Amino acid sequence: MSSTQLFCPNIECPARGQIGKNNIGVHDQKKKRYICHVCERTFSASKGTLFYRLRTEPKTVLLVIALLVYGCPLQAIVQAFGVDERTVRNWWQRAGLHCQAFHEGLLDQNQLELGQVQADEIKAKTQKGSIWMAMAMMVSTRLWLGGAVSPNRDTSLLQQMAGQVRRIALCRPILIAVDGLNTYLSVFRDAFRTGIPRSQGQTGRMTLVEWPNIAIVQVIKSKAEGVLTIKRVIVQGQQTMIEQIIRATQGKGGINTAYIERLNATFRQRLACLFRRTRHLACHQRTLQTSMYILGCVYNFCDFHKSLRLRLSVGWHGFRWVQRTPALAAHLTDHCWSLEELFTTKTPPPPWIKKQGRGRLPNLLLSRMSRYGF
């Protein structure tokens, strides 16, 4: 890897997370270690990736993670690779933390015109009872926007999920489709508000103004005497705008939550503790949260989605299909990622800000910063 593509991971360095400043040099070519000329700290090329300080070959770790992502039982992996079960769980946990940091960095760096958003929650089974996982997706690109895990199906769970949707959303007309849980209504109304600072001389908190053109619809399902009844309710927004967003994001059809339910089915297929009837229970809440971020990132960047493919004409007599991932459809990337690329992509830390207070930085550090343009 070229040193021009690396950044300093030292959280105390003024040059942390910045690429292309020519402050990274080669410290040890054989051991693949680099040095930051601003803070004079060395670091490994694998720092910030899944493979940092792992003794196992990266190819073996990737094979194990790939099998787990697509639903292979843990016991089968232990027998096939001869690896201890605790080691496999450690790899899975490290992969989840990496994907969580990657997803949070993605939300901070990109904002999208979401159009239609669908949200739902899944009930999982653990050794100590049930646990809930709430998720949201962008319908037009099938992009998984984020989720949250909590022992209770309450306001706090939905607020965490809605906050992730809010971070990536542009202030444009949005249609939010949810099920019959009434907590969704107040949560999304509170999430899509912007604070307006008070004028000079006035005191008190900022005035929160709701975003315009936010429509909320509910799909309420009830079953009585074996008969399923579906009721579609427009809670907020004009019907004309709702119909326009539906035509723009899904082409045809009416108010529904079918797309998030299909995403739920994909997660159920790949994670055994999400099955409706299963004896494979999750041990901890942290395990379920780890699995959610891994499956979500792989779904967004590494899996082609059949409904997103484009028909490309080839000459006068034929055509071929161009496959796309949700991230490709959302213009977050220009190619389908491999698992290796996903787990080796580093998330830069936030920019360095000088702490307020008395005193000044050392002269040597100031001279290094000025030399490299910091």
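The following conversation concerns a predicted model of one protein chain.

Biologist: To begin, how many helices and strands does the chain have?
Modeller: This predicted model contains 11 helices and 13 strands.

Biologist: And what box do the C-alpha atoms fill?
Modeller: Taken along the principal axes, the box is roughly 75 × 70 × 60 Å.

Biologist: What percentage of the residues count as buried?
Modeller: The chain has 374 residues, and 43% of them count as buried.

Biologist: Let us turn to sheets. In what order do E1, E2 and E3 stand?
Modeller: These 3 strands form an open sheet in the order E1-E2-E3, with antiparallel pairing. Strand E1 (24-28) and strand E3 (42-44) are at the edges; each has a single partner strand, so one side of each lacks a neighbour in the sheet.

Biologist: What holds strands of a sheet together in general?
Modeller: Strands of a sheet pair through backbone hydrogen bonds, and the pairing may be parallel or antiparallel.

Biologist: Over how many bridges do E1 and E2 pair?
Modeller: E1 and strand E2 (residues 33-36) pair over 4 bridges, in the antiparallel sense. As an example, the bridge partner of Val26 in E2 is Tyr34.

Biologist: Now the helices. How do H3 and H8 cross?
Modeller: The axes of helix H3 (residues 85-109) and H8 come within 8 Å and cross at roughly 60 degrees. H3 and H8 are therefore oblique to each other. Their crossing is left-handed.

Biologist: Which residues meet there?
Modeller: From H3, the contact includes Trp92, Cys99 and Phe102, and from H8 it includes Tyr293, Ile294 and Phe301. The residues of this contact divide into 9 nonpolar, 7 polar and 2 charged.

Biologist: What about H7 against H8: at what angle do the axes cross?
Modeller: Helix H7 (residues 258-270) and helix H8 (residues 285-301) have axes that cross at roughly 120 degrees and come within 11 Å. That angle makes H7 oblique to H8.

Biologist: Is this crossing left-handed or right-handed?
Modeller: The crossing of H7 and H8 is right-handed, whereas that of H3 and H8 is left-handed.

Biologist: Which residues of H7 and H8 meet?
Modeller: Leu263, Thr266, Phe267 and Arg270 in H7 meet Met292, Leu295, Gly296, Val298 and Tyr299 in H8. These residues divide into 6 nonpolar, 2 polar and 1 charged.

Biologist: One last topic: what share of contacts joins residues at least 24 apart?
Modeller: Among contacts between residues at least 6 apart in sequence, 59% join residues at least 24 apart.

Conventions. Residues are numbered from 1 along each chain as its sequence is written. This is a predicted model: local features need pLDDT of at least 70, side-chain atom pairs count only at pLDDT 80 or more; totals for chains, interfaces and linings use all residues. Side-chain values use heavy atoms; hydrogens and water are left out. Axes are lines fitted to C-alpha atoms, for helices over the stretch in contact, and angles run from 0 to 180 degrees between N-to-C directions. Helices (H or I, at least four residues) and strands (E, at least two) are DSSP runs, numbered from the N terminus. Angles under 35 degrees count as roughly parallel, over 145 as roughly antiparallel, 65 to 115 as roughly perpendicular and the rest as oblique. A crossing is left-handed if the near helix is turned anticlockwise from the far one by less than a right angle, and right-handed if clockwise. Contact means heavy atoms within 4.5 Å. Ala, Val, Leu, Ile, Met, Phe, Trp, Tyr, Cys and Pro count as nonpolar, Asp, Glu, Lys and Arg as charged, and the others, Gly among them, as polar. Two strands pair if DSSP finds at least two bridges between them. Buried means under 20% relative accessible area, exposed over 50%, partly exposed in between (1.4 Å probe, protein chains only).
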